[in-house]
Amino acid sequence: MRVLSWAVTALSFLATQALARPIVVQPGSSSKVVIGSDNILNGTSGAGTINGPQATNATLQLSIVNNFSSGGKINAYVTGTDSNNHIVFVKSDGTFYYPPSTTSTTPMSIDADVAIPIGDAGSTTKITIPNYINSGRVWFAEGELKFFVVAVNGGIALVEPAAANPQDPSADVNWGFVEFTYTQDGGLYANISYVDFVGLILGMSLLTMDGSTQTAKGLKPNAVQSICSALKQQASSDGQPWDELCVTDSQGNQLRVLSPNQYISINAAAFQDYWTDYVNQVWSKYSSQPLTINTQMSAGNVKCTVSGDTLSCDGDNRDYNKPTALDIFGCNSGPFAIDQHTDNDVHKAVVPRLCAAFDRSTLLQPGGNIQPGSNTTYYSTSPTNYYSKFVHQNEVDGKGYAFAYDDVNPSGANQAGVVSSANPKLLTITIGGPSSSSSSSSSSSSSSSSSS
């Protein structure tokens, strides 16, 4: 079970910092490693053995373009579980490494060399994934990341760096990741997301076997600095702790930007009353007129009305209480929690559209009585999710979620930072922002990885 046990440690840290603006990390030893919902991968031990012969037709080629010209040496790490649910890393020689099993409930450091060195700025490094991987991540770090294993429910779990733990052993490292799943049945699905944080700038493109290409270009090279500057100005304007979402090292170098829901999870007092008046106005408005949710499915338009403190929608199996700030920013708690086993299709359709309307502050606008609506303007009315607004302002091609239901829109257009194919040929990941020219890469090589 994934728990937010790191929140206690982080709260203690923030108390000693007097809620410094921004958060200044103080990386700790292995004793500061804590387990949260976003930094643990459950699996089983491979007992240090390779899961049978590596199927040559299951390999996946990655091409890593390094445009990170303003920083230090970059290392990559590839993690996930194999087809038998064994935790694996991909080593620089293109083989799987299986962490040793453990019975310890205290996270134990992985000391093996699982880093894949990336060539200098201007180079392109090749990585071969030798077989299918589930729940995968390709991590990139300006420096080295620390990973751990821990015994969980008779198996082992991989404990990964935690963006919201200011005392994580990797807290002072500038890092980010691309999530991916690569299976025999489904092919490749990869995404970049800013739902939890913005870190090292990444983008990607996928070349498929039929020659077509998909892209998700990611953020501008200076996005972290730009977002933090905008958040600082917003904090000065409305008195909310937007600037506290920014994380720096002890020298003041900006490392990442936490999403509001991540920050609230370590500082429950943050944004506590931010949405209160707005929610009350929404409840008041839709107690005298209906709110229409276009489910964009067979249920069509669903009428919702407020009675007392409860919003009810036709055909929905349960009602909605007033959401808190954490409910709105996270879209997965309180009235926006979804039980995949008991909630019906109407409920599963209303929740994303209702929460998206709150995050974008469109419910009180003219035309806001229809959600998602074509006549509303996102993030134009305070209060709103300024983190999401500023992230989108820094996206190169408008792709990449900034909150959980960022794909909700009236046209159905896909804004996800996703590439996918049943027949992938080459996944290219760009570090540091989009390439100015596809021919600008130089060549280098080493015994551990090939570069071109």
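**Reading the sheet and the disulfides**

An open sheet of four strands runs in the order S1-S18-S19-S15, with mixed pairing. This is a predicted model, where local features need pLDDT of at least 70, side-chain atom pairs count only at pLDDT 80 or more, and totals for chains, interfaces and linings use all residues. Residues are numbered from 1 along each chain as its sequence is written, and side-chain values use heavy atoms, with hydrogens and water left out.

User: What makes S18 and S19 a pair of strands?

Analyst: Two strands pair if DSSP finds at least two bridges between them. Strand S18 (residues 246–248) and strand S19 (residues 254–258) have three bridges, in the antiparallel sense. In one of them, Cys 246 has Val 257 in S19 as its bridge partner. Strands here are DSSP runs (E, at least two residues), and helices are runs of H or I with at least four, numbered from the N terminus.

User: Why are S1 and S15 called edge strands?

Analyst: Strand S1 (23–24) and strand S15 (197–198) each pair on one side only.

User: Which strands does helix H2 touch?

Analyst: Helix H2 (residues 223–238) packs on the sheet and touches S15, S18 and S19. Touching rests on contact, meaning heavy atoms within 4.5 Å. The direction of H2 makes about 60° with that of S19; axes are lines fitted to C-alpha atoms, for helices over the stretch in contact, and angles run from 0 to 180 degrees between N-to-C directions.

User: How do you know that Cys 228 and Cys 246 form a disulfide?

Analyst: A disulfide is a pair of cysteine sulfur atoms within 2.5 Å. For Cys 228 and Cys 246 the S to S distance is 2.2 Å, so the pair qualifies. Cys 228 lies in helix H2 and Cys 246 in strand S18, so the bond ties together parts that are 18 residues apart in sequence.

User: Why is this disulfide called left-handed?

Analyst: The torsion about the S-S bond of Cys 228 and Cys 246 is about -125°, so the disulfide is left-handed. For Cys 304 and Cys 313, the torsion is about 110°, so that disulfide is right-handed.

User: What makes Cys 228 count as buried?

Analyst: Buried means under 20% relative accessible area (exposed is over 50%, partly exposed in between, with a 1.4 Å probe and protein chains only). Cys 228 has 4% relative accessibility, so Cys 228 counts as buried. Cys 246, at 3%, is buried too.
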